[in-house]
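This note is meant for a colleague who is opening the structure for the first time. Please keep the sequence and the coordinates at hand while reading.

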Amino acid sequence: MSREDYEVVIGLEVHAELSTKTKIFCSCPTEFGGEPNTHCCPICMAMPGTLPVLNEKVVEYAVKAGLATNCEISRDSKNDRKNYFYPDLPKAYQISQFDKPLCENGYIEIEDKNEQKKKIRLTRIHIEEDAGKLNHDDFGGGSLVDLNRAGVPLIEIVSEPDISSSDEAEKYLRKLKSILEYIEVSDCKMQEGSFRADVNVSIRKKGEKKLGTRTEMKNMNSFRSIVRGIEYEIDRQIDVIESGGKIEQETLRWDDVSGKTFSMRDKEDAQDYRYFPEPDLVAIRLTEEYIANVKSSLPELPESRKQRYLDKYKLTEREAKLITASKYLSNLFEETVLKTNNPKAACNWILSDISRILNEKEIEPNEIPFTSDNLAELIKLIEKGTISSAIAKKVIEELFENPKEPSKIIEEKGWIQISDEGAIKEIVLKILETNPQSVQDYKGGKDKAIGFLVGQAMKQTKGKANPQMLNKLFIEEINKM
Amino acid sequence: MEIYELTVHELLEKLDKKEITKKEILTSFQNRIKEKEKDVQAFITITDKQAEEQLEEIEKENITTRLAGLPIGIKDNICTKGVKTTCASRMLENFISPYDATVMEKINDEKMVSLGKLNMDEFAMGGSTEHSYFKKTKNPWNLNKVPGGSSGGSAAAVAAGLVPWALGSDTGGSVRQPASFCGVVGLKPTYGLISRYGLVAFASSLDQIGTLTKDVEDAAILLNVIAGHDEKDTTSATREKIDYTKVLNKGVKGLRIGIPKEYFGDGINKEVKEAINKVIKQYQDMGAIVEECSLDVADYALATYYIIACAEASSNLGRFDGIRYGYRTKEFSNLKELYKNSRSEGFGEEVKRRIILGTYVLSSGYYDAYYKKAQQVRTLVKNEFEKNFKKYDVILSPTAPNVAFDLASKIDNPLEMYLADVCTVPVNIAGLPAISIPCGVNSEGMPIGFQLIGNHFEEATILNVAHAYEQERKFRQNYKPEFKK
């Protein structure tokens, strides 16, 4: 049997760090980085006798996330303790939520491979605290605990197993990420681990009702690895079944370098987390008024922005969709339009060169190092004829490497367009002299020959000559001949 | 009377009249510690020298707040910045808290001076203070007897005059039972009246800091200092501040007292019953209305208590893992061994017993049968008290089924030890306030205590009722600990 005979079932658990200023149970900063163990206090270091106090912003952010993903918000929720021992977990329990999460029964809409709308249901969104980090000690050979991250607030977003391909998984994650960015509850920086996913994959023969045994890949933090991991896991599971084996329910580690998953044997002796209600915290009771207030504070969501781009900026459906997929791209677009009044150009630059470079560099839009000011200036420089689009492409590349004003870049690099008619005429005559064949061709009716000649001229001037002028002068000069 | 025999309000009167100085008070307790601590063994850490320096500072700065310079003793599970907080455990033998508990901040704001940290059962688990890693505290009335527990060091120190008063903690009777055993007053306030921030957690939903004092008025004074909402403890209540010293002379005429019949069953010692009957008679003579009542789920309270307390303890004590602070084994070759050996070697038998029990009742497959069921019974216990408080202002019972027992007599029989909590535990389950007041001695000369239980946040009521009795039956003036050997 082949891959077509199997159906893939994927469920995702996403952990997103909330961008509150302070931690979930104490007033330490949540800021990423910092010298180890400097964003800590007796509470997040679990000194004896300390008690947690729930940060109200965390509840607000989680409720926002719930409302933006069509969840029901629980009026009566609580915290629970999840008990296990690990050096990065100072209390030996994580304060999380077990049977009464803040948000339940939501959904997110994506497009399946036939571009049909598909709802991915969300089981729940709950709040919990992040653990610290273990660093390998290069000097002593042991491990060192850094508790800066301990107590940073997280929401865990659990999907139903409604996802049926790696492509849908990626779309779901991108959509979710974009929503969280739009409502400004998480900065979703995947490299920093503030948006990471546990991926559950199982397969079953088509038509089979019963779900297959699933495996779980934990803490995946790039779209590329997630897609590759899922693909690998599907193939591996099919191989196991086809060769008469059985899938073990286990936690796997995805290794990006080898492109394989590995069993994490040690953690597998069936953890019993002994959940019970957190006695140090009171129940979370939300009033209708509170929920209504949070709802009214939600910013414009991608769907509505998209519509606005169609109506006001006359973007195509595809363009509007691509730009609004990321809040950062969308903001860059809107700001640039505001400064240039040229939505078409802004859209083109963002969707062509900028998106291509993001892909090549494998970075996220929020990591774009330059500002809308820079992009706006670049567009104006083209409009004014100071640079050609060819040069502009080079400027964009440069903006990613060494962000500064485009006018400075072209000045430093000597990329200012040659628009002086005398100078261009000189180049044109020189090119015509060395390319008599093209002159013949053009005269013989081959209009394309002009393109070749302009190309030659651009090559000689390293792209600096004004292409419209070249075009005009070539035609004029040949006609004189 | 010697200075160390006086109550704090008596000391304050003498200070007001300039009959004594603060320095004389401190010196009197220092000398008493020198004389008696070797017999009683109430302290884990003595800080009388620091207290002396603090007093000098206070006098130099001419600080005149009412309680400034007065000594106090602190149970060793309350975090004190700069002074070891051991919880009487090998696990925290050298642990110094980086911060002060909220109650310590309040004590420090008053400029009171601590004479030291008092012995207890390890992590407050036990009823005899024999489960301390460091030493066995003796009962000042008879040095062959236990002082009770877990706040045994606090109760013994107050009874022996080593400190004028002390802070303890009460999870299932740990303030009231040792108070009863040592012939002092022990107050366990309503859950939520005192901040738990800085009290090393045993069972978070039951723990409450309480006071051990020579009489009821002192309990009121100390309660004034430590009560109040704390934003660091979200389970602490926001309530209007009451001056508890102003509620003590209201009398008991017409007051309704319920006597739960279940508290006078076979498990209760005959002499204790007799003493309590005399208390009842006394209240009737003073004009109170006394009636028998029923608390029939009380039978299940003890089992419920041990399930909930152990479950929470098993989680609360997880942080003592040898990673960041506290005891770490020398014998380990991997992480699992580091955990296992540190905890095996760092905790005593009773603590390990409760961690294992608590882990068991929370584990999957057993949770519903034990922990969930216990929480349901807890609700029933609360309801039953609520029903009774519709009819009665206070409920009166023995504090403990018997007087202080011989050292080592129950150490190998945990169940028998747990039964000593039978009268006090329901109060913690329901989160109510209760006070133990001495009411006589048995034929061996060991103190007997009775317990008054009030409705939520009715500290004023139980203090007043206790005070009324105390005014009539002057236990302290009639009996003194004899340090019998």
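1. The model is predicted; local features need pLDDT of at least 70, side-chain atom pairs count only at pLDDT 80 or more, and totals for chains, interfaces and linings use all residues. Residues are numbered from 1 along each chain as its sequence is written, while chains are lettered from A and ligands numbered from 1 in the order in which they are written.

2. On confidence, the predictor assigns the complex an ipTM of 0.96 and a pTM of 0.88.

3. The C-alpha trace of chain A spans about 95 × 55 × 55 Å along its principal axes.

4. Chain A holds 15 helices and 16 strands. Helices (H or I, at least four residues) and strands (E, at least two) are DSSP runs, numbered from the N terminus. Of the 481 residues in chain A, 40% are buried; a residue is buried if 20 or more other C-beta atoms lie within 10 Å of its own, exposed if 12 or fewer, and partly exposed in between, with C-beta atoms placed from the backbone.

5. The contact between the chains involves 25 residues from chain A and 32 residues from chain B, two residues being in contact if their C-beta atoms, placed from the backbone, lie within 7 Å. The side of chain A that touches chain B consists of 18 nonpolar, two polar and five charged residues. Here Ala, Val, Leu, Ile, Met, Phe, Trp, Tyr, Cys and Pro count as nonpolar, Asp, Glu, Lys and Arg as charged, and the others, Gly among them, as polar.

6. A nonpolar core is a set of buried Ala, Val, Leu, Ile, Met, Phe, Trp, Tyr and Cys residues joined through C-beta atoms within 7 Å. The largest one has 152 residues, and B:Ala166 and B:Ile435 touch the most other members. Helix H9 (residues 298–316) of chain B supplies the largest share of this core, eleven residues. Apart from it lies another core, of 69 residues, including A:Leu180 and B:Ile323.

7. B:Ala166 also belongs to strand E4 (residues 166–169) of chain B, where B:Ala166 and B:Gly168 point one way, B:Leu167 and B:Ser169 point the other way, and all are buried. Strands pair if DSSP finds at least two bridges between them. Strand E2 (residues 71–75) of chain B is joined to E4(B) by two bridges and runs parallel to it, with B:Gly73 as the bridge partner of B:Ala166. Four bridges link E4(B) to strand E6 (residues 209–213) of chain B in an antiparallel manner, and B:Ser169 stands opposite B:Ile209.

8. A:Ile387 lies in the loop between helix H9 (372–383) and helix H10 (389–401) of chain A. Why does A:Ile387 count as buried? The reason is that A:Ile387 has 24 C-beta neighbours inside 10 Å. Beyond its neighbours within four places in sequence, A:Ile387 contacts residues including A:Leu381, A:Val395 and A:Trp415.
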